[in-house]
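I opened the model to look up a few things. My notes follow in the order I took them.

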Amino acid sequence: MELIYTEVPRHFQYVTLSHRWGTDEPSLREIEGRKIYNMQATGGLGKLQGFCAVACEWGYSWAWSDTCCIDKHSSAEVQETIGSMFAWYRQSALTIVYLSDVPDTGSIGNSEWFRRGWTLQELLAPRTVLFYTRNWSLYKNLASANHKEDPAVLEELERVTRIEPRFLSDFSPGIDDARSRLQWASSRLTTRPEDIAYSLFGIFDVHLPVLYGESAERALGRLLTEIVSRSGDISVLDW
């Protein structure tokens, strides 16, 4: 029985992908029931194939990508996904960060990945992260199973994000240090205006309705109201 409890969860460990969305990303309906390696490796599909290949190289049988593992035609599923995204990345055995704009000899700090809203929680939530460059090479060929434990990478991440290493390597969601968490996100951008607030729900561990069509100001207002209500600290409004 003990063997079952240890081996079954190990079999179902999964890898998550963190990346910048590009054009022609495959949707759930486009790949459902199909073998992706039999499909033409162009655009987002080529990225998905590369991600799955890396997951296999690390010995995992399951991989999750936000491009094709969510039915975006279902508003209920989108709502559930936004509320669960932090937990999914936290529970993953490994998160692969694919930096399509960083050559093998480049610096991760130059990537647009660090300027996007959703990627903040994708950096903070996972316990194990590996950065891959444009050609699917490990960043700087570092022989590490977790870049969050590599001092050189942590130093570079701190310089780029202005987030202290203690948060990068062991982050807890919640309203503690709320002002700092808002500052981390202050220079990041999202494609949909409201996502600048929705992308922070997991970081603050708040559960609010997702109302696409409201303004970014209204979405942020609801988030800040919840933070102040729970913390009693109005100084967070000055960020």
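**Entry 1: a loop serine**

I began with Ser 111, which I found in the loop between E3 and helix H5 (119-124). I kept in mind that this is a predicted model. Is Ser 111 buried or exposed? Ser 111 has a relative accessible area of 1%. The cut-off for buried is under 20%, so Ser 111 counts as buried. I then listed its contacts, leaving aside neighbours within four places in sequence. Ser 111 is in contact with Leu 99, Asp 101 and Val 102.

**Entry 2: the sheet**

I traced the strands next. In what order do the four strands stand? The order is E2-E1-E3-E4, in an open sheet with parallel pairing. E2 and E4 are at the edges with a single partner strand each, so one side of each has no neighbour in the sheet. I got an average twist of 25° from one strand to the next.

I checked the strand E1 (residues 14-18) against E2 and found three bridges, with the two running parallel. Val 15 is opposite Ala 63 in E2. H4 packs on this sheet and touches E1, E2 and E3. The direction of H4 makes about 125° with that of E1.

At E3 and E4 I found four bridges, again in the parallel sense. Tyr 98 has Tyr 132 in E4 as its bridge partner. I looked at where the E4 side chains go. Val 129 and Phe 131 point one way, Leu 130 and Tyr 132 the other way. All of them are buried.

**Entry 3: aromatic rings**

How many aromatic pairs does the structure hold? I have 13 in my list. I looked at Trp 64 and Tyr 89 among them. Their ring centres are 5.9 Å apart and their planes stand at 85°, so I noted the pair as edge-to-face. Trp 64 belongs to strand E2 (residues 62-64) and Tyr 89 to helix H4 (residues 75-91), so this pair ties together parts 25 residues apart in sequence. Trp 64 and Tyr 89 are both buried.

Tyr 98 and Trp 136 came next. This aromatic pair is stacked, at 4.1 Å centre to centre with 10° between the planes. Tyr 98 is in strand E3 (residues 94-98), and Trp 136 is in the loop between strand E4 (129-132) and helix H6 (151-161). The pair links distant parts of the chain, 38 residues apart. Tyr 98 is buried, with a relative accessible area of 10%.

I also noted one aromatic cluster formed by Phe 86, Phe 167, Phe 171 and Trp 184. Arg 192 lies over the face of Tyr 212, 3.8 Å from the ring centre.

**Entry 4: nonpolar cores**

Last, I looked up the cores. Which residues touch the most other members of the largest nonpolar core? They are Phe 131, Phe 204 and Leu 223, in a core of 50 residues. Helix H11 (residues 216-231) gives the most to this core, with seven residues. A separate core has 19 residues, including Ile 31, Met 39, Val 54 and Tyr 132.

I finished with the contacts of Phe 204, not counting residues up to four places away in sequence. Phe 204 touches Gly 174, Ile 175, Ala 178, Arg 181, Leu 182, Leu 223, Ile 227 and Arg 230.

Definitions and conventions. Residues numbered from 1 in each chain as written. Predicted model: local features only at pLDDT ≥ 70, side-chain atom pairs only at ≥ 80, totals over all residues. Heavy atoms only, no water. Core = buried A, V, L, I, M, F, W, Y, C linked by side-chain atoms within 4.5 Å. Buried < 20%, exposed > 50% of the residue type's maximum accessible area, 1.4 Å probe, protein only. Contact = heavy atoms within 4.5 Å. Phe/Tyr/Trp six-rings, centres within 6.5 Å; stacked < 30°, edge-to-face > 60°. Lys NZ or Arg CZ within 6 Å of the ring centre and 35° of its normal. Pairing = 2+ DSSP bridges. Axes fitted to C-alpha atoms, helices over the stretch in contact; angles between N-to-C directions.
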